[in-house]
Amino acid sequence: IGDGYTAAEMGKWQSDAQKIIDAFKADPLLAANLSKINIHRIDIASNQSGADEIDKGIYRDTAMDSQFGCYNTARLLCVDANKAFAIASQVLPADGYEQVVVIANSTRYGGSGGAVAAVSMDPSSKEVALHEIGHSAFGLADEYDYGTCNTSTEPVAGNVSRVGTRSNSKWGDLMSANTPVPTQLGTVSNGT
């Protein structure tokens with residue numbers, strides 16, 4: 001679903017949406033499962049073009065209230081998930097979608113994952129969209145730390161762990177026998 005695209009910008013929205021769809025189709029994991037995936041583009045016009053930049057005091061009237069700077073993080077692009085789901089539900093049956101991706105009409109770098117994935121049209125948007133869909137559709141965690149990680153308990157996400165042994169690792173059965181555990185930077189073998 002596009003946010004911050006006016007009625008006059010529907011052609012731009014459709015082109016931007018196709019770029020993100022093409023990125024999903026080109027990703028090896030998603031490409032291998034395309035027969036199991038339906039992608040629907042939902043066209044909705046906003047009253048104003050762009051996205052809020054709350055960290056800069058800029059506010060726009062858009063369909064899903066996309067905004068940069070939420071939670072005091074400049075690159076964090078948030079949307080009103082309830083509005084996104086309501087729009088999706090107007091077009092698709094309730095069981096007709098599992099994941100909503102909102103594309104904000106902005107070239108500012110940003111994105112987020114959660115109930116709804118959000119991405120801008122920054123030049124890195126294709127990679128950001130794949131990253132955010134990892135959070136939203138697959139429950140993956142960031143593999144970098146903002147200095148706030150709780151290392152006292154095992155994380156829920158399937159792609160991060162405190163465990164440093166093959167036998168107890170969430171993905172131990174997927175590791176090559178040649179991969180040292182714990183894996184140190186630069187020691188990954190055979191792409192595993």
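Let me start in the loop between β5 and β6, where Thr107 sits; strand β6 covers residues 111-112. This is a predicted model, so please hear every value as computed from it. Thr107 has a relative accessibility of 61% and therefore counts as exposed, the cut-off being over 50%.

What is the order of its strands? The order is β2-β3-β4, in an open sheet of 3 strands with mixed pairing. β2, residues 52-53, and β4, residues 77-78, are the edge strands; each has a single partner strand, so one side of each has no neighbour in the sheet.

Phi of Tyr71 is near 55°, which is positive although the residue is not glycine. For Asn72, also not a glycine, phi is positive too, near 60°. Are these residues buried or exposed? Tyr71 counts as exposed because its relative accessibility is 71%, and exposed means over 50%. Asn72 has a relative accessible area of 80%, so it is exposed by that cut-off.

Now the disulfide. The structure holds 1 of them. It is formed by Cys70 and Cys78, with the sulfur atoms 1.9 Å apart. The link of Cys70 and Cys78 is right-handed, with 80° about the S-S bond. Both ends can be checked against the cut-off for buried, which is under 20% relative accessible area. Cys70 is at 5% relative accessibility, so it counts as buried. Cys78 is at 15%, and therefore is buried as well.

On to the nonpolar core. The largest one has 18 residues. Which residues have the most contacts inside it? Those are Ile1, Val100 and Val102. The elements that give two or more residues to this core are β5 and α3, the latter covering residues 81-91. α3 gives the most, with 3 residues.

Last, the pockets. In general, empty space is located by rolling a probe the size of a water molecule over the atoms. The largest pocket has a volume of about 870 Å³. Its lining is made up of 31 residues, and nearest its centre lie Ile37, Asn38, Ile39, Glu98 and Gln99. The elements giving two or more residues to that lining are α1 (10-26), α2 (28-31), β5 (101-104) and α4 (125-138). Which element gives the largest share? That is α1, with 6 residues. By residue type, the lining of the largest pocket divides into 21 nonpolar, 5 polar and 5 charged residues.

Notes
Residues numbered from 1 in each chain as written. Predicted model: local features only at pLDDT ≥ 70, side-chain atom pairs only at ≥ 80, totals over all residues. Heavy atoms only, no water. Pairing = 2+ DSSP bridges. Helix = DSSP H or I, 4+ residues; strand = E, 2+ residues; numbered from the N terminus. 1 Å grid on protein atoms, 1.4 Å probe; cavity = no way out; pocket = protein on both sides within 12 Å on 5 of 7 lines; lining within 4 Å. Points joined across faces, edges and corners; volume = space filled by probe spheres on them. Nonpolar A, V, L, I, M, F, W, Y, C, P; charged D, E, K, R; others polar. Disulfide = S-S within 2.5 Å. Buried < 20%, exposed > 50% of the residue type's maximum accessible area, 1.4 Å probe, protein only. Core = buried A, V, L, I, M, F, W, Y, C linked by side-chain atoms within 4.5 Å.
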